Amino acid sequence: MENFKSDISGKEYPEQERISAKLIRQSILDFIKQKHPEFEGEKCMSTSELRSFREKYVAQMLLDETGELSEMETAVLDSLKNDTILSDKLDDEIQQFTFGQKIADKVATFGGSWTFIISFLGFLCLWICANVFIFMNKGFDPYPFILLNLILSCVAALQAPVIMMSQNRTEEKDRDRAKKDYMINLKSELEIRMLHEKIDHLIMHQEQSMIEIQKVQMDMMEDILEKINEKKSE
């Protein structure tokens with residue numbers, strides 16, 4: 001198997017990985033020439049080196065747009081570099097809930113259901129009917145039901161902050177979910193850009209191959225014409 005020597009690193013690579021400078025997209029070529037000004041024309045590099053420069057170009061582009069790479073953007077670039085699927089890692093994250101958080105979720109779920117409303121209305125009716133009709137306002141909580149009001153106030157005072165705890169944690173989960181969606185969308189955008197780069201390279205390479213084939217065909221046609229003319233002259 002034939003090898004070639006890269007003009008970037010000086011290392012040898014298989015011939016099928018050879019990429020000529022004139023086949024590289026101009027934006028990527030300009031980025032490469034910032035570190036290797038002599039790389040142009042017939043100079044060549046390997047596909048792995050081109051991929052490395054593409055990743056660096058994407059990182060530099062993000063850095064120019066945002067001014068500083070965030071932790072999420074760094075994670076996206078690492079995922080691109082290592083060829084890993086970002087969504088799998090995000091789905092595998094299991095959040096550990098404390099006992100208090102589990103209780104808050106259950107209280108919020110039950111407190112916002114028709115089961116709670118109907119059962120509480122039944123409790124109120126039973127309380128009022130027992131004191132008014134059974135104990136004739138001489139029982140443990142006669143009219144105007146001061147004890148019942150105290151119980152309702154205590155339930156409202158305790159239920160409200162517990163529900164707020166659950167809502168705050170729900171908002172935190174929504175923010176985390178939005179960050180994960182941003183990371184996935186960012187990676188998709190960067191991969192689409194890199195895919196465009198690869199497609200452009202393939203098109204340019206095919207065009208170059210077609211031109212070479214046409215040149216060979218023209219040479220063959222000229223040889224055939226010369227032979228025909230020679231036979232005619234004989």
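Where is the place of I134? I134 sits in helix α6, and we will come back to that residue in a moment. Hello everyone, and thanks for having me.

First, some ground rules. What you see is a predicted model, in which local features need pLDDT of at least 70 and side-chain atom pairs count only at pLDDT 80 or more, while totals for chains, interfaces and linings use all residues. Residues are numbered from 1 along each chain as its sequence is written, and side-chain values use heavy atoms, with hydrogens and water left out.

Now the overview. The protein has seven helices and four strands; these are DSSP runs, with helices being H or I of at least four residues and strands being E of at least two, numbered from the N terminus. Starting at the N terminus, the order is β-β-β-α-β-α-α-α-α-α-α. Of the 234 residues, 24% are buried. Buried means under 20% relative accessible area, exposed means over 50%, and partly exposed is in between, with a 1.4 Å probe and protein chains only.

Let's stop at S20, in strand β3, which covers residues 18-20. Is S20 buried or exposed? S20 is buried, because its relative accessible area is 12%. Leaving aside residues up to four places away in sequence, S20 touches G41, E42, K43 and C44, where contact means heavy atoms within 4.5 Å.

Next comes the loop between α6 (114-134) and α7 (146-233), where P144 lies. The peptide bond from Y143 to P144 is cis, with omega near 15 degrees. F145 lies in that loop between α6 and α7 too, and F145 has a positive phi of about 60 degrees although it is not a glycine. Why point these out? Because most residues other than glycine have a negative phi, and most peptide bonds are trans. F145 also counts as buried, since its relative accessible area is 10%.

Finally, the surface, and back to I134. With a relative accessible area of 62%, I134 is exposed. Together with F133, F135, F140, L147 and L150, I134 makes a nonpolar surface patch of about 650 Å². Helices α6 and α7 are the elements that give two or more residues to this patch. Accessible areas come from the Shrake-Rupley method with a 1.4 Å probe, and for residues only the protein chains shown count as cover.

Note on methods
Patch = residues over 30% accessible without salt bridge, like charges linked within 9 Å, V, L, I, M, F, W, Y side chains within 5 Å. Salt bridge = Lys/Arg side-chain N within 4 Å of Asp/Glu carboxyl O.
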